[in-house]
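Student: Could you walk me through this structure? I would like to begin with how the chains meet.

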Amino acid sequence: MAKVTLGGMEIEIDEDGFIQEPDKWNKEVAEDLAKVEQAYPMGEDHWKLVNYLRDYYLKYEIAPPIRMLVKQTGIDLKTIYQLFPGGPAKGACKVAGLPKPTGCV
Amino acid sequence: MKIEDISKKTGQLVRIEPEDLMPLPYPYDDPANDPVMKEVTQDQKDRYEASLDGILAIGIPKPASREEEERLVRQFLSGLEKLLSQENNWTFLQPLLHSLDYCVKCQICNDSCPAYIASGKKEIYRPTYRPEILRRIINKYIKKRGGLLSRLTGSDIELNWTLVARLAELAYRCTICRKCAQVCPLGVDNGLISHEIRKIFSQEMGIAPRELHEMGTVQQLKAGSSTGITPKALGNIVEFMEEELEEKTGKKIKIPVDKEGADILLIHNAGEFLSWPENTEAFAIIFDAAGISWTLASDLVGYDAVNYGVWYDDIQLARIAVKHAEIARKLKVKKINVGECGHAHKAMIVVADRVLTGELNVPRESAIPILADLVLRDRIRLDPGRNDFPVTLHDPCNMVRLMGIVEPQRQILRKICLQFREMEPRGVDNYCCGGGSGFAIMQSMNFPDWRSAVSGRIKLKQVLDAFRDVISPDIRKYVCAPCSNCKGQFRDLFNYYNVNEKCGIFYGGLVELVVNAMVDVEKPFIDWEWH
């Protein structure tokens with residue numbers, strides 16, 4: 001595990017760049033993560049996805065099913081890949097400050 | 001390369017060059033177009049033991065001192081001694097000793113190993129290489145048969161930290177598909193030896209891939225699922241699936257949860273809920289249409305059939321197996337049926353037999369034969385014309401080779417798919433998807449590249465060969481993989497090679513095809529965008 005500067009703060013990340021201190025997440029941290037994920041500058045749809053993921057995570061402590069994300073945001077899978085080239089799990093979840101998805105997903 | 005080279009401190013033992021890899025058929029027949037496998041960073045090489053092949057499956061931190069190295073080597077030896085004792089390894093001692101004692105090194109197993117063949121026959125991946133290291137360590141350091149004789153007969157080995165660290169990584173270059181055991185005339189199981197080596201590292205030294213242990217079995221026992229799904233989140237997801245069911249079928253279909261006294265407790269791999277909910281929804285549609293009495297469970301662990309302990313740690317395996325059985329008893333169901341998850345089949349139905357005795361010995365079966373029964377006896381109305389596209393079948397190793405569930409899924413596909421074609425070899429002779437034994441969920445550093453380019457390579461070849469005559473991207477094709485783990489591997493493998501765009505090949509489970517053929521479901525169930 002290494003520490004990097006994101007949004008002007010020292011934050012611990014795992015080997016694949018997911019932040020390990022979810023409480024430190026804010027808008028600036030997200031934008032710095034988006035730069036790594038080739039999802040910068042972040043437009044309205046980027047934020048729609050990130051905010052949905054973030055809110056779901058705070059409520060249920062996991063990322064939602066991808067189909068739920070698509071349905072609730074109205075942004076289809078293809079567009080998600082265009083917005084976050086890493087995809088919904090490795091790209092959008094990382095920018096939203098969620099831990100790396102685990103299990104057989 | 002010799003066996004004893006594993007101990008030599010010569011830097012990286014093996015390098016995998018793109019031109020070494022097994023050739024692939026069209027449209028991947030130009031090796032220059034093979035994706036370049038990611039190298040770990042210099043910083044990661046400095047921090048982790050990467051001297052086997054430059055790939056990091058576990059990422060063992062480098063010991064800080066010589067003393068630390070020596071302590072770890074002593075621990076390894078103590079773990080190995082326990083592995084060879086009845087008291088500490090009553091679960092697997094007999095097949096382990098058999099496999100150690102009876103291999104005559106005829107090497108007939110070599111061509112059955114997906115990693116060995118696809119790598120261009122790298123010596124370290126040979127299915128007999130790993131076991132021979134273990135055998136020599138046992139002879140010299142435990143049976144004390146070393147000395148002059150072993151040096152003269154060329155069977156010497158030096159046990160040091162370099163060997164131990166490389167052996168740990170090497171235990172995670174075998175998918176434990178057990179095709180080598182299938183072809184061995186003496187029943188030697190070199191896959192089991194990989195499993196036993198992993199046990200030494202986990203049970204005695206606390207060394208295991210983070211995805212399997214900390215985020216896997218530990219998280220499953222604590223939060224309820226290796227995906228992190230808690231009972232509260234499950235409730236939300238079930239609600240979501242019921243909404244989807246109504247949209248897709250036009251009917252209100254209830255997904256029963258914690259229904260006491262149901263005939264069947266259906267346990268899915270919880271990865272389905274997050275990544276492939278169409279699979280769990282399809283089960284609900286079929287069981288509802290056939291009037292089956294069934295339920296899901298919402299107790300911790302009860303909604304996740306996986307048991308990653310089966311890959312690396314008997315103690316974790318037992319803890320999870322007992323939970324599954326206790327929940328079935330609590331709900332007073334007649335039996336547990338496991339959904340489309342190969343490793344859960346192995347862990348819960350086969351291996352758990354060593355642990356679940358007396359009242360805990362709840363009947364545990366695969367869901368696949370039930371499906372075959374419903375389809376073949378016309379308990380649901382089906383129109384194969386709805387599945388008029390090329391379909392091939394992948395055989396999950398644990399369901400098929402280990403358990404012999406070969407025909408039911410084929411009987412289904414023959415009845416509901418107009419263009420079903422087999423891949424070769426198939427059935428119990430199949431090749432692993434390349435994601436077995438935990439690989440499909442090990443997503444860190446450069447390991448995912450290795451399992452696409454190397455361990456999954458022969459499966460990609462099989463799929464391309466099966467669809468050779470319809471390879472154009474304009475023709476949509478479906479690889480039926482009735483196993484969550486295999487599906488995850490197909491998804492990553494197909495992305496790595498851009499198979500979807502180049503060849504129009506999609507993947508998915510078995511029940512989705514069944515529902516897609518159901519006359520009572522008006523709209524097509526398969527939504528290609530999601531496969």
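Tutor: Two residues are in contact if their C-beta atoms, placed from the backbone, lie within 7 Å. This is a predicted model, in which local features need pLDDT of at least 70, side-chain atom pairs count only at pLDDT 80 or more, and totals for chains, interfaces and linings use all residues. Residues are numbered from 1 along each chain as its sequence is written, while chains are lettered from A and ligands numbered from 1 in the order in which they are written.

Student: How many residues of chain A are in contact with chain B?

Tutor: On the chain A side there are 14 residues, in contact with 32 residues of chain B. Helix 3 (residues 66–73) of chain A gives the most to that side, with 3 residues. Helices here are DSSP runs (H or I, at least four residues) and strands likewise (E, at least two), numbered from the N terminus.

Student: Where is A:Met42, and what does A:Met42 touch?

Tutor: A:Met42 sits in the loop between helix 1 (27–36) and helix 2 (44–60) of chain A. Not counting residues up to four places away in sequence, A:Met42 touches A:Glu31, A:Ala34 and A:Trp47.

Student: Which residues does a cis peptide bond join in chain A?

Tutor: A cis peptide bond joins A:Tyr40 and A:Pro41, with omega about -5°. A:Pro41 lies in the loop between helix 1 and helix 2 of chain A. In chain B, a cis peptide bond joins B:Tyr26 and B:Pro27, with omega about 5°.

Student: Changing topic, what is the phi of B:Lys332?

Tutor: B:Lys332 is not a glycine, yet has a positive phi of about 55°. Most residues other than glycine have a negative phi. B:Lys332 lies in the loop between helix 15 and strand 3 (335–338) of chain B and is exposed, since 11 other C-beta atoms lie within 10 Å.

Student: And at what angle do helix 10 and helix 15 of chain B pack?

Tutor: Helix 10 (residues 213–223) of chain B and helix 15 (residues 314–330) of chain B pack at about 30°, with their axes 11 Å apart. Axes are lines fitted to C-alpha atoms, for helices over the stretch in contact, and angles run from 0 to 180 degrees between N-to-C directions. The contact is made by B:Thr217, B:Gln220 and B:Leu221 of helix 10 of chain B and B:Gln316, B:Arg319 and B:Ile320 of helix 15 of chain B.

Notes: Buried ≥ 20, exposed ≤ 12 C-beta atoms within 10 Å, placed from the backbone.
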